[in-house]
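Hello,

Here is the structure I promised to pass on. My notes follow below it.

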Amino acid sequence: MLRFFRRSRPPRFDLARIGDAWDRHPLVHDGVAGSLDIRRLPAPPRQRDFRALAMAWVDKAALGEDIDALSQRLQQALEGESLALLVLRHDTPTRMSWYAYAGVDRSLDAALGGLGCERLHWGINDDPDWHEYAHARGLVGA
């Protein structure tokens with residue numbers, strides 16, 4: 001009867017089932033050589049439950065910290081409560097970009113904002129069919 005007072009909780013990923021296996025692919029995109037890491041999804045999540053996509057990026061020259069350490073912190077922040085899933089990492093000589101999905105924008109904003117990295121930038125869009133993930137896989141023939 002008073003269900004409208006209940007706040008709905010964002011959906012969570014089953015990280016144990018998904019695992020943390022990645023495939024690295026060399027990639028030349030727009031004339032820039034780099035690599036694209038794509039997370040293997042052995043049992044894809046219900047994609048429509050995870051509509052929000054964040055792209056985060058940092059210019060390496062301005063970072064002032066180890067890019068691998070930031071990448072690990074970023075993944076831990078995103079996946080710490082199983083509310084978001086990091087699925088792509090695009091590494092070029094000058095920039096690192098990460099792509100992650102979540103059920104709601106606020107999960108992505110909270111995780112990325114909580115890192116306290118002033119040089120990290122991000123944007124969030126709606127991608128209910130995971131077109132960005134599929135496009136990345138298509139770029140490398142995965």
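To start with a question: is Asp91 buried, partly exposed or exposed? Asp91 is partly exposed, with a relative accessible area of 22% (buried means under 20%, exposed over 50% and partly exposed in between, using a 1.4 Å probe and protein chains only).

Before the rest, two notes on how to read this. This is a predicted model, in which local features need pLDDT of at least 70 and side-chain atom pairs count only at pLDDT 80 or more, while totals for chains, interfaces and linings use all residues. Residues are numbered from 1 along each chain as its sequence is written, and side-chain values use heavy atoms, with hydrogens and water left out.

Now the salt bridges (a side-chain nitrogen of Lys or Arg within 4 Å of a carboxyl oxygen of Asp or Glu). The whole structure holds eleven of them. In one, Lys60 pairs with Asp91, with the closest N and O atoms 2.4 Å apart. This pair links distant parts of the chain, Lys60 being in helix α2 (residues 60-63) and Asp91 in strand β4, 31 residues apart. Helices (H or I, at least four residues) and strands (E, at least two) are DSSP runs, numbered from the N terminus.

Another salt bridge joins Arg39 and Glu79, again with the closest N and O atoms 2.4 Å apart. Arg39 lies in strand β2 and Glu79 in helix α3, so the pair ties together parts that are 40 residues apart in sequence. Arg39 is buried at 2% relative accessibility, and Glu79 is buried at 10%. Asp20 is linked with Arg39 and Glu79 in a network of salt bridges.

Glu79 also belongs to the buried residues of α3, together with Ile67, Leu70, Ser71, Leu74, Gln75 and Leu78.

Asp37 is in strand β2 (residues 32-39) and Arg24 in strand β1, 13 residues apart. Asp37 is buried, at 5% relative accessible area, whereas Arg24 counts as exposed at 58%.

Best wishes
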